[in-house]
Amino acid sequence: MCGIVGYVGSRSASPLLLEGLKRLEYRGYDSAGIAMSNGNGLETRKAKGKITMLENVMTGHPLHGSVGIAHTRWATHGQPNECNAHPQVDCTTTIAVVHNGIIENYGALRKMLKMQGHTFTSETDTEVLAHLIEAAFDGKLEDAVIDALNLVEGTYGIAVLSSKDPGKIVCARKGSPLLIGLGDGEFYVASDVAAILQHTRQVVYLDDGEMGVLTKDGYEVLDLNARRVSKGVSRIDWSLDEIEKGGFDHFMLKEIFEQPQTIENTMRGRLVVEEGFSKLGGLNLTKEELQALEQIIITACGTSWHSGLIGEMYMEELARIRTEVEYASEFRYRNPIVTDKTLCIVISQSGETADTLAAMREAKRRGAKTLGLVNVVGSTIAREDDGGIYLHAGPEIGVASTKAFTSQVIALALLTLKMGRLRNMSVVQGREVASAMLALPEQIQSILDRAPEIEAIAERFKDATNFLYLGRGYNFPVALEGALKLKEISYIHAEGYPAAEMKHGPIALIDSEMPVVFIAPHDAVFDKVVSNVQEVKARGGKVICITSQHESVLDGLIDFEIRVPQTVDMLYPILTVVPLQLLAYYIAVKRGLNVDQPRNLAKSVTVE
Ligand code: AGP
């Protein structure tokens with residue numbers, strides 16, 4: 001995820017900014033850049049790749065001065081390259097902007113600015129900010145920033161520098177964190193306290209709708225009507241390691257807890273609730289092409305394959321289009337039936353998984369249109385697909401995938417709304433799904449708030465040697481995902497099964513030592529699952545039940561209950577998977593294992 005650091009004071013800014021950027025490296029990024037304002041006007045240095053690349057550039061072409069802003073970019077709009085790296089500048093290179101977040105109406109603003117004669121040099125949404133500020137500039141940078149931000153829809157944490165109003169940094173926040181660091185005759189701005197902790201522990205956190213104006217003589221906080229806001233100063237007591245993980249013990253836990261935000265990011269600007277529809281700009285398929293499709297093939301590996309199974313049900317049940325899900329590793333060596341009326345949906349967090357990439361190439365070769373659901377912008381799959389939906393879940397560092405899964409399911413739901421409404425889904429049904437989607441972030445939060453209950457269950461079962469996960473319908477893939485999470489990080493043998501299939505074999509495993517996790521929300525197959533619970537209980541199994549409301553039929557049948565809020569049937573996986581992620585996490589921690597980097601596993605499997 002992108003990071004911001006800025007400095008204004010009397011020291012040389014370059015080393016401080018580079019050091020700050022390095023402190024932000026843990027967040028993941030694909031390019032970096034710095035802008036400084038000094039007697040020579042405004043200058044920028046940028047590089048694709050690691051911060052060492054930017055350092056190399058700056059060794060050859062140093063930047064001098066004591067006011068600067070810097071950025072690590074994790075691409076969202078446009079490829080990760082030097083041109084799209086921040087800072088972004090205006091037409092005359094007098095204004096530089098670094099930005100975290102997404103400007104949703106950047107397309108319309110870009111068009112308007114172009115008509116006014118502005119020239120764009122990048123593919124980023126951020127560049128419109130630089131031009132808007134340029135257009136509004138009338139001597140005072142903060143006034144121009146206010147004018148520009150009043151035209152913008154979306155989220156931002158920004159820092160801005162201008163050679164026409166030197167010695168000043170203006171920063172502002174809406175939906176993307178930003179803080180001001182207070183030093184002695186020097187001030188910092190950062191998106192993450194890790195960037196400045198070496199220099200100060202006194203910070204002022206900006207709230208949404210607030211702006212900071214920093215010079216070496218002081219700082220002030222204003223609202224977007226230029227009225228002064230009085231703010232308290234906070235003291236940071238965390239260590240650097242604690243900060244990088246946001247105060248969580250592991251990246252995996254941090255990523256699990258980020259899900260209310262990450263699924264909101266996946267939906268942002270895409271869901272049209274009133275019309276029960278979705279806007280997906282990157283599909284590169286016309287309405288007619290989408291309507292003419294005869295089949296969908298979803299291909300992926302691991303967790304992404306599990307989300308694909310949910311996607312298959314979405315597409316068949318709501319969009320009424322024949323859909324198959326294939327392991328990418330199998331698909332690439334079969335002789336699958338693919339026509340030019342086939343859409344191949346390729347799901348990959350990393351966008352680099354070798355089997356998935358090869359499957360996509362094979363589908364293309366056979367004439368299918370390809371659509372990537374990818375988290376990492378500019379990854380190989382994202383570059384080679386015909387169209388795509390970025391997940392916008394931010395970097396996933398823990399090897400066990402968590403937030404990418406929920407964002408993948410959201411992206412599939414968005415696509416289903418689009419396909420369904422173009423085919424035979426009614427506006428009423430579309431609206432029902434879309435409104436239920438909007439409620440999900442808060443619902444996930446309510447599950448996360450009850451993590452201690454799940455931790456207690458983990459304590460009880462941390463020494464188990466086998467686990468069975470059972471679910472039906474939309475929650476069968478969740479059973480697979482729950483079992484995979486447990487296997488990956490706790491090394492406990494776990495199997496996921498459709499609940500009714502259990503009696504065709506796995507039931508032989510059940511005894512009083514066997515924990516069985518049922519994923520049984522109150523959906524269309526709830527009563528069926530209850531019968532399966534009875535079968536397990538009759539054989540002495542220990543039942544952990546994820547459900548949405550307690551029914552008296554469950555009395556005496558289950559040993560532990562974890563409740564999730566109610567939603568429409570198709571969205572339950574986004575809720576029911578969360579307790580399973582937490583259960584796996586807590587069990588692994590209690591077994592003393594390396595949760596973020598489990599043995600034998602790599603985050604991205606780039607070999608066959
Ligand atoms: C998930 O926890 C795994 N680490 C793994 O199954 C992963 O989902 C799989 O390798 C696919 O990765 P991708 O989404 O990056 O393509």
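Asn532 is buried, with a relative accessible area of 2%. Keep in mind that this is a predicted model. Where does Asn532 lie? It lies in helix H18. And what does Asn532 touch, once we leave aside its neighbours within four places in sequence? The contacts are Arg472, Ala499, Ala500, Met502, Lys503 and Phe518.

Now, the sheet next to that helix. Five strands form an open sheet, and the order is S23-S22-S24-S25-S26. The pairing is parallel. Which strands stand at the edges? They are S23, residues 493-498, and S26, residues 560-563. Each has a single partner strand, so one side of each is left without a neighbour in the sheet. From one strand to the next, the twist averages 20 degrees. As a reminder, strands of a sheet pair through backbone hydrogen bonds, either parallel or antiparallel.

S22 covers residues 466-471, and S24 covers residues 515-519. Four bridges join these two parallel strands. Look for Gly471: opposite it, in S24, stands Ile519.

Next, the helices on the sheet. H18 runs over residues 526-537 and packs on the sheet.

On to the aromatics. How many aromatic pairs does the structure hold? Nine. One of them is Phe461 with Phe560, and that pair is edge-to-face. Centre to centre, the rings are 5.5 Å apart, with 80 degrees between the planes. Why does this pair tie together parts that are apart in sequence? Phe461 lies in helix H16, residues 451-461, while Phe560 lies in strand S26, so the parts joined are 99 residues apart in sequence.

Phe560 counts as partly exposed, because its relative accessibility is 24% and the cut-off for buried is under 20%. The two belong to one aromatic cluster, together with Phe467 and Tyr469.

Now helix H19, residues 572-590. H19 has 19 residues. From its first C-alpha to its last it reaches 28 Å, close to the 27 Å expected at 1.5 Å a residue. Of its 19 residues, 17 are buried, so H19 is largely enclosed by the rest of the structure. After H19 comes Gly592, whose phi is positive, near 75 degrees.

Let me step back to the domains. The domain assignment gives domain 1 as 3-236, domain 2 as 247-448 and domain 3 as 451-590. How far apart do the C-alpha centres of domain 1 and domain 3 lie? They lie 47 Å apart.

Last stop, strands S12 and S13. S12 spans residues 210-215, and S13 spans residues 218-223. These strands run antiparallel, and six bridges join them. A hairpin of two residues connects S12 to S13. For Thr215, the bridge partner in S13 is Gly218.

Terms used
Residues are numbered from 1 along each chain as its sequence is written. This is a predicted model: local features need pLDDT of at least 70, side-chain atom pairs count only at pLDDT 80 or more; totals for chains, interfaces and linings use all residues. Side-chain values use heavy atoms; hydrogens and water are left out. The expected span of a helix is 1.5 Å times one less than its number of residues. Buried means under 20% relative accessible area, exposed over 50%, partly exposed in between (1.4 Å probe, protein chains only). Domain bounds come from an automatic or database domain assignment. Two strands pair if DSSP finds at least two bridges between them. Axes are lines fitted to C-alpha atoms, for helices over the stretch in contact, and angles run from 0 to 180 degrees between N-to-C directions. Contact means heavy atoms within 4.5 Å. Rings of Phe, Tyr and Trp (its six-membered ring) pair if their centres lie within 6.5 Å; planes under 30 degrees apart count as stacked, over 60 as edge-to-face and the rest as tilted.
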